[in-house]
Amino acid sequence: MKNLFFLFLFVTALKSYAQPETLSKSSAQQSVFLTSDLTHNGKFTWYFERFDRIKASGDELSTAEYHTNGWKKAVVPGTVLTSLVADKVYPDPYFGDVNKRSHKIIPDMADAGREFYHYWYRTDFNVPGSFTKKRIWLKLHGINYRSEVWLNGKKLGTLAGMFNSAKFDVTNIVDRKQRNVLAINVIPVDVPGQSGLKKERRNGAPGENNNGGDGLIGENVTMLMSAGWDFTFPDGIRDRNTGIWREVELFATDDVVLEHPFVMTKLSLPDTSSSAQTISVEMTNASGSKQNGFLKGVIREGNISFQKAVSLNPRETRTVTFTPQEFKQLLIKNPRLWWPVNKGNQNLYHLSLYFVQNKRISHQLSVRFGIREITSDQNTPDSSRRFLVNGYPVFVRGTNWIPEAMLRNSAKRTKAELTYTRQAGINFIRFWGGGIAESDYFFDLCDEMGFLLWNEYWMTGDTRQPTDTALYLKNIRSTIKRIRNHPSLAYHVASNESTEIPGTGELIRQLDPTRGYQEQSECCGVHDGSPYKYENPMQYFENTASARGSRVDGFNPEYGTPCLPTVESLREMMPEKDLWPVNDSVWNYLDGGGFHQITTRYRQAVDMFGKSGSIEEFAKKAQFVGALNYRAIWEVWNYNKFNWGDRFASGFLFWYHNSPVRQTGGRMYDWSLEPTAALYYSQNGLQPLHAQFDYLKNTVSVYNDYRRSFKNYSLTAEIYDLNSKKISENKKTIDIPSDGLVKDALKLTFPETISQVHFIKLTLRDSAGKPVSDSFYWRSKDQYKGAWTMTGPAVSGFEDINKLPGVNLNTTVSVQNKQILVTVTNTSEALSFFTQLKLQTTEGKIIKPAFYSDNFFNLLPGESKSVTIRMPAEDVPGNTVKLVTDGFNANIQSKLIQLN
C-alpha cells in the first residue's frame, strides 16, 4: 500500500531538487564566476604549477607575455590534490588504501614539506561587454590558506584564513579590450600537523586522542579534519586541502557598492500576528568624490517599499538601517511564517535593495529571508537545552554534517545529499567544528527544505587553538555576515568539545543578535555524545549503549551507528581481491582505522543471519543490520520525546549520516551517492506519524511530529511466522496527542511455538480507515542476556532467514512527468524480504543519485508497493534505462524503460 506520508516527504524533497540551483545576489550580466573547465565544465581554463619550480615573480606571471608551458590544468573551485588527481598525477585517494600515509603513494605534507603543495594558479579572462563604464571588482570567496593575488602585473593584495573572503577594486587594472591575466600564489597552512598520537592530552572526548593527528593543525583557521579523524581517513588528506576551494568572481557596480544586507525579524511572542523587520546594509563609496542618492528597498511579498536619502564621503563605508519605528510599512501584519520540517511551511520573502543616483542603479542586491524567531533555553525538567521556533518547542531529530573530505563539491552533489537528508525526515543539521561552513547554495536549500542549522567555528578539543586570534575572529566575521540572513540558521557554537577564543561570543552577538550562542558543543544543557560504533540495538532500548552512562536523555549532540554500503558501492571502493574474503587491513582503513567496528562486531551481527559465501550475500545481509540499528535509534528517541516516554529528552543529533569519503563504515548513502537501507529505514522511523515496536518491552507506541492531534485512529499489529502465516492480530482505536506520543498502546505476546524468526507488521489508519503509515519488523526468539553481549531478539538467532523460499514478483512500470512509477506485487506464497529496486544504465551501471520514494521494502504474499523514482536527466546516457527488481529471496528480474 502506498504510504502517503512517505510520498509527501519524498515529493517535497524532489520539488526542491528540481528548483533553480542558486539565488544570485546580483544580476547575471553584472557577475561572472571564473569556474574551471576541468571537472566543473566552466568556461575558464586554469593552470597551476609548484611554486618552487617557477623562477618568475607574480608581476611577470600575471602578464600575457608569460607562457605556462608545462603547467598542468587546475580545478577551481578545488584543491591542489583534487587537481593532481584530475590530471592523473596521483590515483584516486578514495580507492582502497591508496591514501594510506605509510604507503607513500601520495606524499603527505608532513613528510614532503609545505612547499610540496605550495602552488601558483593562473587563468585569463576578458571583461564582459556589459561591464562598460562600470567599476569592476574581483572577489575571492575562499582560499586555503594564504594567498597573494596578482592581475596584469599588479599585486592586488593578500588573503588569509580558509573561511575569509576578499574583494579588490580592479577598475584601473583590467584591460577592457584585451585578455587579462590573473595569478594567485596559494600557500598551505602555516602548521600542517600530522597523523599520530598527540604529545599532550587535549580536551576531546575519552578514547579519541588520535583524532586531529598531533593536534597542531588547530593552530590554523582551517578544516581541522584534514589532519585525520576516525570518520574519514585516520591519517588525513595529504595536501591539507590547500587550494582555491571556493569561487573566484568578477562583478561590476557603479561607484557605490552594497554589501552584507541583514534582515532581522521580530515577533511579539507568543503573538505571531505581526512581525517587525529591521533591515540594514553596508554601503561603500569606492570613488574619490562625494556620492549622493537614495537607498531603496522592496519586499516583493506585499509590495512593501521604503527608501532614504544617503550621502557618502569619498571612500566612506557606512551601515544604513531601516527600522520599523521609522518605516511603519516594515511592520508586517499576519506574516507567512517560516517553519522547520513537519511544523509548517517554509515561507520565504524576497528583498531587493538598490542605490539609485540620477535614476541610475549604482548597485543592487537581492536576498531571501524568512519571518520566524528561533530561541533556545534550558527551561526543561533536567535543564537540558531545547529549541523553539516561533515560540513552539521543536523535538530535534537531527544529524551531524561531515563535509566532503577533499572539498570535491558541486551544486549537483549538494542538492542530492540534502534531498536524501530531507527524504529521511531529519529536521536539524549540525556543522561539526572540525569541518567547514558550507556554501550559500547549501544554506539556500536548507531554507527551502526546512532544516534548522547549528554552525560551529573551526575549533575542537582534539586540536590546539588558533595562534592568530585576530585572523580567527576575522574569519568568523566574514562567515556570519555571509550566512546570517538564512532562516534555517538556528544556533552559533564556537567549538566542538573545547572552549572559545576570548571575544568570540561578543563578536557573534554583535553580528547576529537574533540567535543563541554557546562556547562549545558539550555545555549549557548539551551533554557529551556516544555511542558512535556498532552496538547491540537492544542496548539502545535499554539505554546502556554507551559506557559513559545514560545517553538517551536531555540533548545529545552525537549518537549513531554505521551501515555497510551496497555491494555495487563496495566494488567501486576497493579491488575485488580485498572485497572477499574481507581484507581487514583495507576495510579497517576505510572505517576510520576500524573505529566503527565494521570488521568485528558489525560483521558478527551480519553473521547472525548465517555465514555468507560471497560479498554479494554479505552485503545484502549487512543491510538488515544497518536498517534495524538506524531505525531503532530514531525510535528510541521518539519514545522519550519531551517526557512522553520513560525519560525526558529534548532531542539528539545522529553521528553522522553522510559519507565524506568512500568508507566501509557507511551511512544513509555512500560517498558515491548510492543509498543504503539505512536511508529508507530512517525514513520509516522518522515518519511524522509513526507506529513503532520496542524490542525490549514488546510494546507498540505511536509517535506524532505534527502540531495537531488526530482522533479515532486505528492501530493494528500483525505477527507472521517464517512461512508468512498470520499468528495473531491486535487492534486498538487511539487518539494521538498533538506533537506527542501514545506510549505502549499495544503489548505484543509471542507464542512459544512461533518460528525462530518471525515478523511484525504495524499499520496506522485514519478515522476513515485509510492507511496513513506502516512499519515492518523482523524478530528472533533469542533471549537478551544483557549489555555488551551479542544476544537478543534484535540481533541474534536469525540463521533461519535463509530458509525463506524464493519468490516471484510482478513489476509494472510507467513514465510520467519525468518520473518512473513502479508497482511491485508479490505473487508468491512467501514473504519477499528486503525487496530492492535498482535503476541502471543499459550496461548495468547503477544510476546515482537516484531518488526512490522507498526501497529495501518487505512484501507479504499478495501485497503490492508503489514506488516513485527520479534521477537527474544528465546522468542517463541515451533514452533507455534498466530497472532491476531484486531482494534477499526474490528472483531477479529486469525491464528496459523508455524515458520518452
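Guide: Buried means under 20% relative accessible area, exposed means over 50%, and partly exposed lies in between, with a 1.4 Å probe and protein chains only. This is a predicted model, in which local features need pLDDT of at least 70, side-chain atom pairs count only at pLDDT 80 or more, and totals for chains, interfaces and linings use all residues. Residues are numbered from 1 along each chain as its sequence is written, and side-chain values use heavy atoms, with hydrogens and water left out.

Visitor: Why is D169 called partly exposed?

Guide: D169 has 30% relative accessibility.

Visitor: What makes D169 and R135 a salt bridge?

Guide: The term requires a side-chain nitrogen of Lys or Arg within 4 Å of a carboxyl oxygen of Asp or Glu. For D169 and R135 the N to O distance is 2.7 Å, so the pair meets the definition. Strands (E, at least two residues) and helices (H or I, at least four) are DSSP runs, numbered from the N terminus.

Visitor: Is R135 buried or exposed?

Guide: R135 is at 15% relative accessibility and counts as buried.

Visitor: How do you know that K73 and D37 form a salt bridge?

Guide: Their closest N and O atoms are 3.2 Å apart, so the pair passes the cut-off. K73 is in strand β3 (residues 72-74), while D37 is in the loop between β1 (31-33) and β2 (46-50), 36 residues apart. K73, with a relative accessible area of 30%, is partly exposed, and D37, at 23%, is also partly exposed.

Visitor: Which residues join R101 and D111 in a network?

Guide: Salt bridges that share partners connect R101 and D111 with D108, R238 and R240. R101 and D111 themselves meet at 2.7 Å, N to O. R101 is buried at 15%, whereas D111 is partly exposed at 48%.

Visitor: How many salt bridges are there in the whole structure?

Guide: A search finds 59.

Visitor: Why is helix α13 called largely enclosed?

Guide: Seven of the 10 residues of α13 (residues 598-607) are buried, so the rest of the structure largely encloses this helix. Among the buried ones are I598, Y602 and V606. The buried residues pack against α9 (538-542), α12 (584-589) and α14 (615-639), where contact means heavy atoms within 4.5 Å.
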